[in-house]
Amino acid sequence: MKKIIPYTKSALMLTLNVLAAAFLLSCTSNSDEGTVSTDYIKVTDIVMSGNHASTTLHIEADCPWRISEGVDWVQVSPVQGVGTVDVEVTTGANPSSLSERSCEIKVTTDGGLERIITLTQGRNNESMDVSTHTLAFGEEGGEQVFTVTSNTQWAITGGADWLSLSTEGGTDNGSVTVIAQKNTSEYERNAVFTVTGNSGTATQINVSQLGKNVTMTIEPERIDAVAKGREYSFQVMGNAEWIVNADVTTWLTLETRNGSNEGPVRITLTDNVTSEPRVANIRVTTSSGRLERTCVITQAGATVPSLTQPAVSGVERYAASVSSTFTSSLDATQGGFCYAQTPNPTVNDQSVTVDGVSGQDGQLSATLTDLISGRTYYVRAWVRNANGIGYSSDANFTTEGGTPGKDENPTPDL
């Protein structure tokens, strides 16, 4: 039978002190060579989603510990403890939708034991936006900037030949300069840029530019034309592109159909052979239709020719010379002298035609023959144009010699 030796009080206290010292040594660091830590700690790696999220890190340990993560997008709480503890790990959103990211979380003990936890955060959902959805330029053009806020790759498509970009794509955030050329047209113009992300997320930017501020006047705004057809013109002034239209085409021809800035508009009129004036409106309109100016052309009606009273000379028994001048609103086509022994003779009486009568003014001269001696004659000059026949006032003269008897030869061969 084994003999039991009872502990004395002093022996029991010694034993407790030894055990306490041993426990303290197992959870503290010892720099003396040959000392081995008896710390125990167990952790696992962490995988988290790409957005802002929290999870629990379970630490199993039998001693004090502390945590260091070394990155600003991870927060842990608590950062130190004793024994087994659940630690909350919180991550900020992954700024990229293209790639995951990771970091190391280090757990250490005073005894020098170290555990590395790898935290892997997945890709975030794609997001993309622009600082503005409209850009408005004046007629002079210039530069404007918009920014892209994104966590992905993006590309810009669309636009127009009057626009250019400082860049056509990028990754994550970026700024883009849009350059617009001067608008030389009075039309407002528009274009659309589309910014598209890697997975198809898209947004649009509408670009507009004012047309140039156009000015246009004409001079003169009224033309009084004569009956005789010819070319007339008026001047367009300003900085616009313009087109010309007329509300009459039967007796008016537009020689100028369009132009830009400053220039003449030429119009050709036909003869107005009627006695009534006629009116045409010539409209000059800018290419956009926003400005219109009108020149009113009034063409006078035609009149029959006007003639001076004939001058009579060289009066003989059987002949006399006459002359006159004429003016005509239209070209003269025929002219001469008519005479009779009664006032106001016409071409239906005795008449002589003068060769070469033409134009709008001229002279007439002729010799009247086969007259009767001793008689008084009335003579008028006449000219014909497309409007009719014009007559001068009467001139009268008396041929030389006595008045023959009833049965006498009126023109004897003396």
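The lining of the largest cavity divides into 2 nonpolar, 3 polar and 3 charged residues. In that division, Ala, Val, Leu, Ile, Met, Phe, Trp, Tyr, Cys and Pro count as nonpolar, Asp, Glu, Lys and Arg as charged, and the others, Gly among them, as polar. The model before you is a predicted one, in which local features need pLDDT of at least 70 and side-chain atom pairs count only at pLDDT 80 or more, while totals for chains, interfaces and linings use all residues. Residues are numbered from 1 along each chain as its sequence is written, and side-chain values use heavy atoms, with hydrogens and water left out.

Which residues line the largest cavity? They are Ser185, Glu186, Lys212, Val214, Asn239, Ala240, Glu241 and Ser287. A cavity here is a set of points, on a 1 Å grid over the protein atoms alone, where a 1.4 Å probe fits but cannot get out, and lining residues have an atom within 4 Å of a point. Grid points are joined across faces, edges and corners, and a volume is the space filled by probe spheres set on the points. The structure holds 1 cavity of 30 Å³ or more, and about 30 Å³ of space lies in the largest cavity.

Let me turn to the chain as a whole. It contains 1 helix and 36 strands; helices (H or I, at least four residues) and strands (E, at least two) are DSSP runs, numbered from the N terminus. Of the 414 residues, 37% are buried, where buried means under 20% relative accessible area, exposed means over 50%, and partly exposed lies in between, with a 1.4 Å probe and protein chains only. The accessible surface of the chain comes to about 22,800 Å², with 48% of it belonging to carbon and sulfur atoms. That area comes from the Shrake-Rupley method with a 1.4 Å probe. Among contacts with a separation of 6 or more, 62% are between residues 24 or more positions apart; contact means heavy atoms within 4.5 Å.

The largest nonpolar core has 24 residues, of which Phe234, Leu252 and Ile297 touch the most other members. Strands that each supply at least two residues of this core include strand 19 (216-219), strand 21 (231-238), strand 26 (278-286) and strand 27 (292-299). Apart from this core lies another, of 21 residues, among them Val43, Trp73, Ile105 and Leu113. By nonpolar core I mean a set of buried Ala, Val, Leu, Ile, Met, Phe, Trp, Tyr and Cys residues joined through side-chain atoms within 4.5 Å. What does Ile297 touch, not counting residues up to four places away in sequence? Its partners are Ile223, Ala225, Leu252, Ile267, Leu269, Arg278, Val279, Ala280 and Ile282.

Glu69 sits in the loop between strand 4 (64-68) and strand 5 and is partly exposed, at 22% relative accessibility. Glu69 and Cys103 are 34 residues apart in sequence, yet 7.6 Å apart in space, C-alpha to C-alpha. Beyond residues up to four places away, Glu69 touches Val74, Val76, Glu104 and Ile105.

Leaving out residues up to four places away in sequence, Ala136 touches Gln144 and Ser208.

Thr325 belongs to strand 30 (residues 320-332), and with a relative accessible area of 31% it is partly exposed.

Finally, some points of backbone geometry. Most residues other than glycine have a negative phi, and most peptide bonds are trans. The peptide bond from Ser77 to Pro78 is cis, with omega near 0°, and Pro78 lies in the loop between strand 5 (74-77) and strand 6 (80-82). The bond from Glu219 to Pro220 is also cis, with omega near -5°; Pro220 is in the loop between strand 19 and strand 20.

Asp172 has a positive phi, near 60°, and occupies the loop between strand 15 (169-171) and strand 16 (174-180). Asn344 has a positive phi of about 55°, in the loop between strand 31 (334-340) and strand 32 (350-353). Asn344 is partly exposed, with a relative accessible area of 48%.

How values were computed. On a 1 Å grid over the protein atoms alone, a cavity is a set of points where a 1.4 Å probe fits but cannot get out, and a pocket is an open set with protein on both sides within 12 Å along at least five of seven lines; lining residues have an atom within 4 Å of a point.
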